Amino acid sequence: QHDEDGGPDPEKHCGHGRGGMGESVRRKEDKRFITGRGNYVDDIKKPKMLHCEIVRSPHAHARINSIDTERAMQVDGVVAVLTAEDLAAHDLATMPTLMDDTQDVLVNDKVKFQSQEVAAVIAEDRYIAKDGAEKVAVDYEVLDPVVTAKDALEADAPLIRDELEDQEDNHIFDWDVGDKEATDAIFEESEVTVKEQMEYQRLHPAPIETCGCVADWDPGKEKITVHLTSQAPHAHRTLFSMVSGIPEHKVRIVSPDIGGGFGNKVPIYPGYVVAAAASVVLERPVKWMEERSENIQTTGFARDYDMTGELAATKDGKIRAVRTDVLANHGAYNAVAQPSKFPAGFFNIFTGSYDIEAAYGSLTAAFTNTAPGGVAYRCSFRVTEAVYLIERMVKVLAHELDMDPAEIRRKNFIQPEQFPYESPTGWNYDSGDYEKALDLAMEMADYDHYREEQQRRIEEDADKLIGIGISSFTEVVGAGPGKTCDIAGIEMFDSADIRVNPTGNAVLRVGVQTQGQGHETTFAQIVAEELGMDVENISVEHGDTDTDPYGLGTYGSRSTPVAGAATAVAARKVRDKAKSIAANELEAAEEDIEWDRESGHFHVAGAPDRSITITEIAAGAYMNHPAGEEPGLEAVDYYDPPEMTYPFGSYIVVVEVDRETGAVDFEKFVAVDDCGNRINPMVIEGQIHGGLAQGIGTAMMEHVTYDENGNCTGGDFMNYLLPTSMEIPNFETGYTVTPSPHHPIGAKGVGESPTVGSPPAIVNAVVDAMAHAGTTHVEMPMTPDRVWAALAEVGLER
Ligand code: MCN
Ligand code: CUM
């Protein structure tokens, strides 16, 4: 695209020593992070700044009879106490969710989940605000709650959203995809069918930094500046303007350093709106920062899908059709973060890496008295659930047919020559070589050895069983294209703006916002590659809507596929302009100027000694620019991807299951990933390690739980378990490179692959350890008690 030399050569990934593609450049941002000079939202202190504390409901479902704010107002240092009534006066009582629902900013009439926002206390400091919040007296009339999607859809379930006209039950929507008739017909006639029920439990993204903001209304300029924990500053600016009525050019969103997002910082939360409203009303800056439990209990959760999976196959293991039915718990509001046209996200990629004749999926979503959400958590919009479904089902089928799970995968993989491949649910895979990745993973994992060891332990009736799990997943990342993907109507393109300075260094501004992924390094590497400049001489800016080009933000591993593409294209535009300056400087005709990617020089054709770098050209652009051309050396690109990218990988997990305690130990953990051309192998490795840790958390311990009264019983880090270094094994990572044919530098995203791909590999491994006794499934999180119960169910317990 836009490039005569076709981009970097995937075979030559050693780099040129300037910090371009394929070099493990050390992260530029780490100097400030490891020396304590990061600048997070909570580091921001402004003169006369006030603090906001939110009063939350102890009940999951309750009508509010009255709110008494008088005693709170009497606390010395409390400046204001806001309720829904106060917000209504400014037309801010409700806010739109990302799925066209309307959520109370502060509860007006009825509480719909525990810890929902009821009132806000604004005070001189945080402690006073908290004291004030304790003095707000709310008279609740407690109602019966309903916490699971299944119960919510029972005929006699209490109606949660009674404020909505035409809402007679807790049903939100039905969705389906694929060819039902064709799929059903194959199931009728197939030699073998298997079915399994599985839950993908509710998870919490758990970034180190909770959500928060500092809102600062400047009455002189009539402009609001909001420092916000945002994964999508521009989209949030547009939404902020729409909600508040403040014109968009008078809204500035700044995402400073962000301490992890993982999907949690995609939605807009009531606290942001309250702080902004308070700042406008009080004409002082207002900070709101969640506590840990508030973050766990109320901000966007992930997953919570109850799934049935079915496969139809031949006796020799050719999968013919897949069918799935899902019950989705969306919480009290439909606040799922997905591209608008995809109510179930990209769940429809549930045919995975396999060439299957027919597929059909259906889903029902329900309101419950639990916190709203359905954000991704390191998963590209429900791909995690889809991958879990298909990769678990392949294992179930292998068990039924007594076939090796690697063998059955090989038999069904989409073959390299079938790409671009259109799946039965209408998805267009760009490229893949699944068998190659699986072969490498099996070699690295010493697969045959562990199969023998597994057999030996069974024969010896050993105390510890071996299980081997595989997952050969396909991800889909990089939304747009704008024609199919949008967030609240805004098309999902992305952007880059490159300015080369007279002294030969450059600033790149991008529309995406890093939360720890290392963009300040990797995006500079793309420019270094394309312009032959040294990576040290390129700085990357992001997260300030006053200066950066409009973009849709970082999530769904879209930064590399979309903003990375924009960066490469913008750099090529700069190079095109530099070429005419090169001709001028080298006193040759422009047609005779050639670009040499390897050396990073322009030179005169046939005279390689007459050469010049873009760094050298920069001065010419400002001090000696060719007659008839604009001075300066800059370019902007807004990139609407033609398609998404489809990274993939094969993970193999070997576990040892203790028959006495149900404890699971990781013997071996191999991850082979393919994200196309690689920008920074070290950053990729870091992404994969982090994502695998989150996959282990998912499979083994994480779960947001509720009791029957709707109390969140997994609402702090004593009860919501995160893996620590103690639970994380040594990962062995490998890679293959299958470039994306439509991406300017052949790259695909990678940030979410490990979290998407690993949970089924881990569950498959634990199931595999007991499969000889008949186990086909163990629910996540596979805590020791659950594993022990599964062992006992088939008589393997000690
Ligand atoms: N990369 C690369 N070569 C490739 C692909 C990616 O070098 N072929 C690099 C990129 O340049 C980038 C990193 O890997 O520095 C991740 O890139 P990408 O896959 O494009 O994903 P994003 O940058 O869009 O990051 C989003 C993704 C998501 S959606 C979640 S959730 C997640 C994740 O990244 N959240 C994270 N990784 C995280 N890592 C940290 N530290 N913190 C988070 O909140
Ligand atoms: Cu998939 S969670 Mo991320 O999209 O921020």
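**Exercise 1. Identify the donors of the copper atom of ligand 2 and locate them in the chain.**

*Solution.* The copper atom of ligand 2 is coordinated by Cys 379 (N), Cys 379 (O) and Glu 752 (OE), at 1.9 to 2.7 Å. Donors here are N, O and S atoms within 2.8 Å of the metal (3.2 Å for Na, K and Ca), and water is not among the atoms, so sites may look incomplete. Cys 379 belongs to the loop between strand 17 (358–366) and helix 10 (383–401), and Glu 752 to the loop between strand 32 (732–735) and helix 18 (753–770); the pair therefore ties together parts that are 373 residues apart in sequence. Helices (H or I, at least four residues) and strands (E, at least two) are DSSP runs, numbered from the N terminus. Cys 379 and Glu 752 are both buried, that is, under 20% relative accessible area (1.4 Å probe, protein chains only).

The model is predicted: local features need pLDDT of at least 70, side-chain atom pairs count only at pLDDT 80 or more, and totals for chains, interfaces and linings use all residues. Residues are numbered from 1 along each chain as its sequence is written, ligands are numbered from 1 in the order in which they are written, and side-chain values use heavy atoms, with hydrogens and water left out.

**Exercise 2. Describe the shell around ligand 2 and its polar contacts.**

*Solution.* The residues around ligand 2 (a heavy atom within 4 Å) include Phe 262, Ala 376, Tyr 377, Arg 378 and Tyr 555. By class, the shell divides into five nonpolar, four polar and two charged residues. Polar contacts are pairs of N or O atoms within 3.5 Å. Oxygen atoms of ligand 2 lie 2.8 Å from a polar side-chain atom of Gln 231, 2.5 Å from a polar backbone atom of Gly 556 and 2.9 Å from a side-chain N or O atom of Glu 752.

**Exercise 3. Summarise the secondary structure and burial of the chain.**

*Solution.* The chain has 19 helices and 32 strands. Of its 798 residues, 64% count as buried.

Definitions and conventions
Buried < 20%, exposed > 50% of the residue type's maximum accessible area, 1.4 Å probe, protein only. Polar contact = N/O pair within 3.5 Å; in protein donor to acceptor, adjacent residues only side chain to side chain. Nonpolar A, V, L, I, M, F, W, Y, C, P; charged D, E, K, R; others polar.
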